[in-house]
Amino acid sequence: MPELSRRNVILGAFGLAGLPAVSACGGTTSISATAGSVGKAEALRRGSGQRVVTARLNPRATTVDLGGPVVNTWAYGDSVPGPLLRARAGDLLRVRVDNQLPATTSVHWHGIALRNDMDGVPGMTQAPIGAGRSFTYEFTVPDPGTYFYHPHSGVQLDRGLHGALLVDEATDPGGYDAEWTVVLDDWVDGTGRTPESVLKALTSRADGGATGWGNGMGGMDMGGMGGMDMGGMGEGMTSPLLGGAGDIVYPHYLANGRVPAAPVTLTARPGQRARLRLINAGSDTAFRVALGGHRLTVTHSDGFPVAPVTTDSLLIGMGERYDVLVTVGDGVFPLVALAEGKEGNALALVRSAAGAPPKASARPVELAGKVILSTDLMAADAVQLKTRDVDRSYDMVLSGSMAPYRWTINGKTFHDAEPLPIEEGQRVRLRFQNRSMMFHPMHVHGHTFALVGGGARKDTVIVRPMQTVEVDFDANNPGQWATHCHNIYHAEGGMMTSLSYQS
């Protein structure tokens, strides 16, 4: 573990292992994950007669059939995604994790505004779970919505270690006849490469070399803007919507753990309304999603309701989730998740009648129609933040380079960055300013934020090249909270910081 005298919170997330330290800064003290105020905030979430939901996760090395390709990987059991976890808003979720991996691990509960010591970031909120050891996560799930869980240790997410976490409303609002959950993923593990070998190949390039990758144009990253031969990495992947669309070329894209040649089938009857929960558990890929012959009505983004918008397709970045409603037609239809700016797609089938399935390479016309991003949405009235003055604001300039593989916030990697101090009760504004030519899905732990000037309530938002996205949140959940790009290779390359509550 590196010695970093300037850090209040020593390196911890995405494999940068360490332990949290409490230090004074300008007459204030950082609130650690084990501070009494963390427990007090959790106590306020717990109601009388709180229901307890228990589950067990067993991360381990295993062999998984992806619908043809058989791969050696790490997973929560013998299937991908891992077990579906489900609770009601206000429940206490108690999950025992028995680590059967040959490495330390953790579980992060993505999108949940939970107690800080259960957030699953090694070195920041907990010690890593050692090989052969167990840890029990116990926290209240305060808000209904579509969430997911995954490790916050190295690039383990780019294996089979992820699963859906659904938190139901206390009273089901109804309005749909069928419910489907689809987890999207980009897959490399067990195909002659591992995520760790991919990261090693990326980070071993010390300079631009013959490929011309570097930190030119006044420090602007050229990620995704040209050719690069690194064994299937970074081969000119661009999107008119996102600019540089990623660093990794994947051999497979999955829907619920299946390749397009052997898709899962989602069933309903003609005329029924289906609630489709979409989760992007990918590590380096955004997906453009459309259902052939149908339009999609977006009702939720990152778990929170939005003013409904009907669209032909939607774009979902890594870590984002959408709920949509669809009135099912008569027949068999392709639900296509196109790897944005890349070659390939994930596929599921929607079936309401007999008939031949579409091809694995189906490209419904809806993919070329109206496309929605989360920045196009508006939060429902009931979940909009109350208007108030901003107490503290931070500019977060996103930049980096492919060679050396270095991604920064305000010119610093996580190794060198100071935590950003905030105080409980403040309204905090973050200005994500993308000065690179690649998109970054920025994720804030432990909170949901509102897009300034009107927009959805979110915990993960796409920031496109040369654009600024401003978000506000209320500092009502004390502790030390990671904030990072949810391209896990960018996070490992340094694009991460922390929000540090002070007392």
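This is a predicted model: local features need pLDDT of at least 70, side-chain atom pairs count only at pLDDT 80 or more; totals for chains, interfaces and linings use all residues.
Q: What about Phe 139, buried or exposed?
A: The cut-off is again under 20%. Phe 139 is at 0% relative accessibility, so this residue counts as buried.

Q: How are the rings of Trp 109 and Phe 139 arranged, and why does the pair get that label?
A: Two things decide: the distance between centres and the angle between planes. Angles under 30 degrees count as stacked, over 60 as edge-to-face, and the rest as tilted. Here the ring centres are 5.3 Å apart and the planes stand at 50 degrees, so the pair is tilted.

Q: Which residues do ring pairs link into a cluster with Trp 109?
A: Follow the pairs from ring to ring. The cluster holds Tyr 76, Trp 109, Phe 135, Tyr 137, Phe 139 and Tyr 149.

Q: Which charged side chain sits over the ring of Trp 74?
A: Check the charged end against the ring centre. For Trp 74, the charged end of Arg 159 sits over the ring, 3.9 Å from its centre. A further case involves a lysine: Lys 458 lies over the face of Tyr 322, at 5.6 Å from the ring centre.

Q: Now the sheets. In what order do the strands of the sheet with β3, β7 and β9 run?
A: Read a sheet by its pairings. This one is open, with three strands in the order β3-β7-β9 and mixed pairing. Its edge strands are β3 (52–57) and β9, each pairing on one side only. Neighbouring strands are turned by 15 degrees against each other on average, with direction ignored.

Q: How many bridges join β7 to β9, and in which sense do these strands run?
A: Strand β7 (residues 92–98) and β9 run antiparallel and are joined by seven bridges. Arg 96 has Thr 136 in β9 as its bridge partner. Leu 92 stands opposite Thr 140 in β9.

Q: What about β3 and β7: how many bridges, parallel or antiparallel?
A: β3 and β7 pair in the parallel sense over six bridges. Val 52 stands opposite Leu 92 in β7.

Q: How many residues of β7 are buried?
A: Five of its seven residues are buried, so β7 is largely enclosed by the rest of the structure. In a regular strand, side chains alternate between the two faces of the sheet.

Q: What is the strand order in the sheet of six strands?
A: The order is β16-β24-β23-β18-β21-β25, in an open sheet with mixed pairing. β16 (265–267) and β25 (371–372) are at the edges with a single partner strand each, so one side of each has no neighbour in the sheet. Strand β21 (residues 313–316) pairs with β25 in the parallel sense over two bridges. There, Ser 313 stands opposite Val 371.

Q: Which residues touch the most other members of the largest nonpolar core?
A: Count neighbours inside the core. In this core of 102 residues they are Trp 109, Trp 180, Leu 314, Leu 430 and Tyr 489. Another core, of nine residues, lies apart from it and includes Leu 241, Ala 286, Leu 373 and Ile 462.

Q: Which residues does Leu 430 touch, leaving out those up to four places away in sequence?
A: Its contacts are Tyr 394, Met 396, Val 444, Val 469, Glu 470, Val 471, Phe 473 and Leu 499.

Q: How do I read a loop residue: where is Pro 263 found?
A: Start with the flanking strands. Pro 263 is in the loop between β15 (252–255) and β16. At 24% relative accessibility, Pro 263 counts as partly exposed. Beyond residues up to four places away in sequence, Pro 263 touches Arg 258, Leu 347, Ala 348 and Leu 349. Its C-alpha atom is separated by 9.8 Å from that of Pro 357, 94 residues apart along the chain.

Key. Residues are numbered from 1 along each chain as its sequence is written. Side-chain values use heavy atoms; hydrogens and water are left out. Rings of Phe, Tyr and Trp (its six-membered ring) pair if their centres lie within 6.5 Å; planes under 30 degrees apart count as stacked, over 60 as edge-to-face and the rest as tilted. Buried means under 20% relative accessible area, exposed over 50%, partly exposed in between (1.4 Å probe, protein chains only). A charge sits over a ring if NZ of Lys or CZ of Arg is within 6 Å of the ring centre and within 35 degrees of the ring normal. Two strands pair if DSSP finds at least two bridges between them. Helices (H or I, at least four residues) and strands (E, at least two) are DSSP runs, numbered from the N terminus. Axes are lines fitted to C-alpha atoms, for helices over the stretch in contact, and angles run from 0 to 180 degrees between N-to-C directions. A nonpolar core is a set of buried Ala, Val, Leu, Ile, Met, Phe, Trp, Tyr and Cys residues joined through side-chain atoms within 4.5 Å. Contact means heavy atoms within 4.5 Å.
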